[in-house]
Amino acid sequence: AEYDQPHRPQLSYTPERNWMNDPNGLVHHDGEYHMFYQYNPNGAGWGDMSWGHAVSPDLLHWRELPLALTVEKDDKGGVTQMFFSGSAVVDTDNTSGLGQPGKPAMVAMYTSVYPQDFTLANGRRVRAGQQSQSLAYSLDKGRSWTQYAGNPVIEQPPAPYADEYREFRDPKVFWYAPERKWVMVAVLAHRHKTVLYSSTDLRNWRYMSEFGPAGAVGGMWECPDLFELAVDGDPARSKWVMVMNLNPGGPAGGSGAQYFVGRFDGATFQAERDEWLDGGADFYAAVSWNGAPDGRRVLLGWMSNWLYAHDLPAAAWRGAQSVPRELGLRTIDGQVRLTQQPVTGFDGLRRAAVARGGRAVAEGVTPLPQARGPAGALDIDMLLAPGGAARAGVTVHAGPNGEGTVVGYDRERGEVYVDRRNAGDASFHAAFAARHAAPMALRDGAIRLRILVDRSSVTVFAGEGELTLSSQVFPRAGSDGVALFAEGGAAELRALQIWPLASIWA
Ligand code: FRU
């Protein structure tokens, strides 16, 4: 496979060819992280939605496998079933009865979309546009899949919302140990609601409760997630996090993601606070892995935006996943905040540092000519004290004529920003060339910024990771420079390290 094209991400997953959107069915099993995803096997635009599949031993290095679930069509080529977003679990105790001795079932729960009035093989009738929740299972570690004969297992939304049968989707299933049952959360997208169900066998589901509208409701709610996290590393003080993706109405326009911190008692979720999950333009459909070892909670998002996803510069593939992010809950300034960091494996991709040590940053632009890497990917870690500067930071993907992506702290506005107004090709959509920012206070006069620079993206983790900004960029060939800058005064880097990163495809 060919993964060395100019804009091909070197730090995160792309399929070799064709269209990809949401991550689906994230589950760890038997030493492998599985990543399924919304995939069009027949083109580089959205359509014929199927589940693509890749596996990784370490969340860094991925191997693309054959399709898991493939769009179904009738004799005339009309689509009879598409496979929309969903999740996967490993049914270790064989609660479903679908497993065999020594072969636990990996069970995927997804949304069946039926574009036309149709009679299923089991004789059930479905209506044009209907979205229902279905199961498929695999006894060979996700390599081959069988659709459950009794599909769909949840045909209709709960009775009061029967008219939402075209907007009922994206089931996330997880094991709720205190009551030894499965819990599922799905959306009624237009109502800004999640609906929660429980099951003891993954096949029969009981409606429990609803949540929402709450927080941001500027667009449709899609791809929910719900999980428990220890606060400040103390499991006795855990809280629950509901992730809710939203399109449009995101913080940078178009699609975006928010989260609620709250409580879940096995039946009902109650939110205490809500925030954006990412302040950039390109982080959507974020969901987390089931069953990651050591109780880790790792989240992945689609690194794109429905606003312009179809218009991205043509390549063999279209759409990328983000770098996997390890989550935590920490008390910061008296509030429990979700923190995100690149999974620790990224440290292992670092090559010999090309810049090291704190330094003064004079007003103006200071190029760092040695800060380049052979794969076109960098890991930058800085403790930035803006001092007397109005704005200070680093420009990456720097090229001629002031081209570059600016990552900085704006002291006047008290925010971290990514400015891609002059970051290369933005001709494909009017909204792409923009500056995105999110508020954050300095601590002790400084801010920590960890920046992952890839061939077509820049991802910023600020502070302890309580703020992230994800941005796609399409720099011109050869625009791979790095420069420090300070505007309106001098700044200081109390610490700086820049490492070239090896490609995950190497
Ligand atoms: C989110 C989404 C989901 C849906 C899928 C279809 O990006 O719209 O709600 O299941 O994409 O591809």
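Which residues surround the ligand? The structure is a predicted model, in which local features need pLDDT of at least 70, side-chain atom pairs count only at pLDDT 80 or more, and totals for chains, interfaces and linings use all residues. Residues are numbered from 1 along each chain as its sequence is written.

The ligand is surrounded by N21, D22, Q38, M49, F84, S85, T111, R169, D170, E222, C223 and A285. A residue is near a molecule or strand if its C-beta atom, placed from the backbone, lies within 6 Å of it. Strand 1 (18-29), strand 6 (79-91), strand 12 (168-176) and strand 16 (220-231) each give two or more residues to this shell. Strands are DSSP runs (E, at least two residues), as helices are (H or I, at least four), numbered from the N terminus. The shell holds 4 nonpolar, 4 polar and 4 charged residues. Ala, Val, Leu, Ile, Met, Phe, Trp, Tyr, Cys and Pro count as nonpolar, Asp, Glu, Lys and Arg as charged, and the others, Gly among them, as polar.

The protein chain is assigned domain 1 (21-342) and domain 2 (351-500). These bounds come from an automatic or database domain assignment. The domain centres, taken over C-alpha atoms, are separated by 32 Å. In domain 1, 27 residues are in contact with 23 residues of domain 2 (C-beta atoms, placed from the backbone, within 7 Å). Strand 23 (325-332) and strand 24 (335-342) each give two or more residues to the domain 1 side. Strand 24 gives the most, with 6 residues. By class, that side has 14 nonpolar, 8 polar and 5 charged residues.

Key: Contact = placed C-beta atoms within 7 Å.
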